[in-house]
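Subject: Structure for your files

Hello,

The structure is below, with the sequence. My notes on it follow; please read them with the coordinates open.

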Amino acid sequence: MPSVAVWALAPLLMLSPAVAQTGTTPDAVPAETPVDLTFLSSPTGSSVWMGGKKLGHTPLKTKLPAGSATLIFRPAVAGYAPQSKSFVWRAGETHRIVVELPMTYGEIRLATARSWTSITFDAQRLAIQPGKWTRVQAGRHRVIAVDGRYAATMAVRIPENGRAQFDLAWRKFRPETDQFFLVRASRSAIGSAAYSNLNPPRKVAVDGYWIQRNEVRVRDYRGCVNAGRCRAPAKAENCNWNVPGRDEHPINCVSASQAIEYAAWFSAKDEFTYRLPTNVEWEHVATAGGSRAYPWGNSTASGRCNICDQSCPWKWRDPSVNDGWSTTAPAASFMACAGPEGVLDLIGNVAEWCSTIHTERYDLRGGSWSSPKTLYDPVLPNMKDREFQDATTGFRLAATAIKIGDPESTP
Ligand SMILES: [Ca+2]
């Protein structure tokens, strides 16, 4: 029975009070019959007032006697002005009333030490130039400016018909080099029933992080030693330090504490905070969150990675495999050893220090050039003392991913 009248009232269509009053005459339905009314507004949550009395907040369903009235819509958020409108509603009808509140404006100026390549206001792109006054909607906004590997995030409040200036504080949000792969936050199935004591099967939330694609090389580590920030690695059989022709090989014969020293030096050099990966982070990328046995899938590492093949000096060598290297190989020599993420040599070459401390010990993951199949299993925990080192111990770096937007929008 009820007819539906949709009042889509943009400001240009506002009814004048005179028009409203001409519509007050009730028809056949008694005037006291309540009329179903729905009030909607943009922005939503606006309060609706009639004759000095608040009816409620949009979205609002109510019943009023047939008639007419001037309603005032007051925004609940800054950046919009109140809107006054006159309406007529007739008995027996259902009215759905939509009101757009007019925006209010102010001006913003962003002082900044650097320019930006993109800037967003509340996730919307905005044409705004550094140091120039620009008209924007009043109220509270989130500004995110990005320039290469730097970002500035700021909450701003623009006064109505006023001006506000802000200094952007820039922060590096991604590593300087493309040697690092971004692993996005996700759930991960970690561990194995086979190692239930030190690495039991469990589901964990992993925050986003960067992981170095290569193992840290001899020439990388030399930068830290030359800067006086790292101790030289041990000299022993099969150690790569100061051996001619080994610059591209992973650094080995380094302890967890030496790897941590390197991370501190590289952080200062790159103006970004690096650290060892946790064993959960390491395992998460090596098994794609528990969905694969190895980075590349479920097939064996034989022929894919640098493991203890036929030239390996130990009796557990695999005589059926020739990977070409009796000890370490130059970093990134085994492309088929990577997963789709392009993180190389997680299995074999050198075992990698992970930061997680378990009863004062550090976890060495992934096996090495000296490992048979049972020892390069990526879920196998291998706890060693902080100062332990031998010709199989190396590392790669990781870094916590920095979120620059709301909600999480790590680039
Ligand atoms: Ca080998």
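A155 is found in strand β14. Leaving out residues up to four places away in sequence, A155 touches R140 and R142. From K61, A155 is 94 residues away in sequence, and the C-alpha atoms of the two are 34 Å apart in space.

Strands β13 (residues 139-147) and β14 (residues 150-158) run antiparallel and are joined by nine bridges. Within that pair, G139 stands opposite I158 of β14. The hairpin of β13 and β14 has two residues between the strands, and G148 takes a positive phi near 60° there. Strand β10 (residues 118-121) also pairs with β13 in the antiparallel sense, over four bridges. The bridge partner of T120 in β13 is I144.

On the domains: the domain assignment of the protein chain gives domain 1 (4-100), domain 2 (105-172) and domain 3 (180-400). Between the C-alpha centres of domain 2 and domain 3 the distance is 42 Å.

Next, helix α3. Does its length agree or disagree with 1.5 Å a residue? Helix α3 (residues 256-270) has 15 residues and should therefore span 21 Å; the C-alpha atoms at its ends are 21 Å apart, which agrees. The buried residues of α3 are A256, Q258, A259, Y262, A263 and F266. Seen down the helix axis, these buried residues fall within an arc of 155°, so they line one face of α3. They pack against α2 (218-226), β21 (351-358) and β22 (361-365). Just after α3, E271 takes a positive phi of about 55°.

P330 is found in the loop between α4 (279-286) and β21. P330 and F180 are 150 residues apart in sequence, while their C-alpha atoms are 18 Å apart in space.

Last, the confidence values. The protein chain averages a pLDDT of 89, and 91% of the residues score at least 70. Over residues 1-29 the pLDDT is below 50, and this stretch has 41 contacts in the model beyond near neighbours in sequence. The pLDDT is also below 50 over residues 406-411, a stretch with twelve contacts in the model beyond near neighbours in sequence. Where pLDDT is low, predicted coordinates should not be read in detail.

Regards

Key:
Residues are numbered from 1 along each chain as its sequence is written. This is a predicted model: local features need pLDDT of at least 70, side-chain atom pairs count only at pLDDT 80 or more; totals for chains, interfaces and linings use all residues. Domain bounds come from an automatic or database domain assignment. Two strands pair if DSSP finds at least two bridges between them. The expected span of a helix is 1.5 Å times one less than its number of residues. A residue is buried if 20 or more other C-beta atoms lie within 10 Å of its own, exposed if 12 or fewer, and partly exposed in between; C-beta atoms are placed from the backbone. The arc is that of the directions from the helix axis to the C-beta atoms. Two residues are in contact if their C-beta atoms, placed from the backbone, lie within 7 Å. pLDDT is the predictor's confidence in each residue, from 0 to 100.
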